[in-house]
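Biologist: Hi! Could you walk me through this fold, one piece at a time?
Modeller: Happy to, let's open it up.
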Amino acid sequence: MQWETVIGLEIHAQLSTQSKIFSGSATTFGAEPNTQASLVDLGMPGTLPVLNAEAVRMACKFGLAIDAEIAPKNVFARKNYFYPDLPKGYQTSQMDHPIVGKGHLDITLEDGSTRRIGITRAHLEEDAGKSLHEDFHGMSGIDLNRAGTPLLEIVSEPDIRSAKEAVAYVKAIHALVRYLGICDGNMAEGSLRCDCNVSVRPKGQAEFGTRAEIKNVNSFRFIEKAINHEVQRQIELIEDGGKVVQETRLYDPNKDETRSMRSKEEANDYRYFPCPDLLPVVIEQSFLDEVRASLPELPGQKRERFEREFGLSTYDASVLSASREMADYFEQVNATCGDAKLAANWVMGELSSLLNKEGLDIEQSPVSAEHLGGMILRIKDDTISGKIAKMVFEAMAAGEGSADEIIEKKGLKQVTDSGAIEAMLDEVLAANAEQVEQYRASDEAKRGKMFGFFVGQAMKASKGKANPGQVNQLLKKKLEG
């Protein structure tokens, strides 16, 4: 039997506000445990929450960016459940009246095709604290620094059909919230977490299968692996005569498997009711107009501009616009060298390879955009060849200065003097007289292969400094003359 995967994702994005959603406590990551938790965060009797206006603004930014409906009136509710890191005994969230309604996001897949993924809603809520299980001699420690941090929970429609599509969607959300400046997207620190709702059904069947939810997956790689494992588990279970039960599961990256955590709760299990301490939030059109005017160029718009303005392929434009920092770096390189294609090749090639090898983000690049652009200028004006440029790039990465300084210091300037190149070629041909005779006696097919030998000898003799174009041109004349 052929199976179809159905996936819906819930992404929790921590909003980059200076203070928490209902209190003045700081939201800085990495502080000593329980040093950023006020009486409001602790749920002490008599305390009242005050809504953070910046969190509302950030939620509206997101809603406008996904072309969603923004609710003119949205209401906070209490989601009741007991857990040690939830001191109030309830989480303040939004249920029936979320701030952001239906929207959509277009994703680009590996083959260059695009798909539109529906977004059901995005609502504001407060984060819970964190349970710590190490070094407490069989007990758990509770850190409430995170309690009350503003979250935007982004709920997709069940439109995703594979693990790779799921990763593409999460990457698109990740890029969008970073472009908007509403979340730093640091998955390692928990700033962006993903719950994956996964089910399978026979291909062609309209009715959805029973879903399992994989909680709190915090890397693109783990999202793909967790979904693939869960899909395989469900298919094998059904084909062996079993039934998938609705439950919450955890992904264990060490064993590459999901395991049951608890049966999946329904909304009514949480006894939602409107929060009596918070008034409904009324959003006026003038506020939305102000937020809309503050929106930056979004990833999709930037990709389209890169294609239109710079003549880049859809693939290149997609890679370069995948993060705001990458796009800014590329545009600075291009502004310096005036050659978008060469700039794209170097940013996506040598630079990205260096960053991956060193485990660095683009903001930490040891080669500045201005220095890379300056080096590309030296390729364009024939000061250095592409091969020498790689040596220059390595030296720039090692902190040896700008391209001009390195070229001067190391004597890497390309030889473009025709007379000097001709003299060097005469020496190469004289040293390989037998091969020259073989070349002249051969047919076109063999000559093509042998020509590369002479080019290699010539570049070796010039220590890579001879202009490759001139070497090819002059060598052809001498061999066939």
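Modeller: Before we start, one term: two strands count as paired if DSSP finds at least two bridges between them. Keep in mind that this is a predicted model.
Biologist: Got it. So how do β12 and β13 pair, and over how many bridges?
Modeller: Strand β12, residues 247–252, pairs with β13 in the antiparallel sense, and there are six bridges.
Biologist: And which residue in β13 does T248 stand opposite?
Modeller: That would be R262.
Biologist: What holds paired strands to each other in general?
Modeller: Strands of a sheet pair through backbone hydrogen bonds, in either a parallel or an antiparallel way.
Biologist: Let's zoom out. What is the strand order in the open sheet?
Modeller: The eight strands run β5-β6-β9-β1-β10-β11-β12-β13, and the pairing is mixed.
Biologist: Which strands stand at the edges?
Modeller: Those are β5 (103–108) and β13 (257–263). Each has a single partner strand, so one side of each has no neighbour in the sheet.
Biologist: How much is the twist from one strand to the next?
Modeller: On average it is 30°.
Biologist: Nice. Which strands does helix α2 touch?
Modeller: Helix α2 (residues 163–180) packs on the sheet and touches β1, β5, β6, β9 and β10. Its direction makes about 115° with that of β5.
Biologist: And what about α3, which strands does that helix touch?
Modeller: Helix α3, residues 220–239, also packs on the sheet, touching β1, β10, β11, β12 and β13. The direction of α3 makes about 30° with that of β10.
Biologist: New topic: α5 and α7. At what angle do their axes cross?
Modeller: Roughly 20°, and the axes come within 12 Å. Angles under 35 degrees count as roughly parallel, and that is therefore how α5 and α7 lie to each other. The crossing is left-handed.
Biologist: Which residues meet there?
Modeller: From α5, K302, R305, F306 and F310 meet A327, F330, E331 and N334 of α7. By class, this contact has four nonpolar, one polar and three charged residues.
Biologist: Then how do α7 and α8 cross, left-handed or right-handed?
Modeller: Right-handed. Their axes come within 9 Å and cross at roughly 130°, and the two helices are therefore oblique to each other.
Biologist: Which residues meet between α7 and α8?
Modeller: Among them are M326, Y329 and F330 in α7, and A340, A343 and V347 in α8. The classes here are ten nonpolar, two polar and no charged residues.
Biologist: Thanks, that helps!

Conventions. Residues are numbered from 1 along each chain as its sequence is written. This is a predicted model: local features need pLDDT of at least 70, side-chain atom pairs count only at pLDDT 80 or more; totals for chains, interfaces and linings use all residues. Side-chain values use heavy atoms; hydrogens and water are left out. Helices (H or I, at least four residues) and strands (E, at least two) are DSSP runs, numbered from the N terminus. Axes are lines fitted to C-alpha atoms, for helices over the stretch in contact, and angles run from 0 to 180 degrees between N-to-C directions. Contact means heavy atoms within 4.5 Å. Angles under 35 degrees count as roughly parallel, over 145 as roughly antiparallel, 65 to 115 as roughly perpendicular and the rest as oblique. A crossing is left-handed if the near helix is turned anticlockwise from the far one by less than a right angle, and right-handed if clockwise. Ala, Val, Leu, Ile, Met, Phe, Trp, Tyr, Cys and Pro count as nonpolar, Asp, Glu, Lys and Arg as charged, and the others, Gly among them, as polar.
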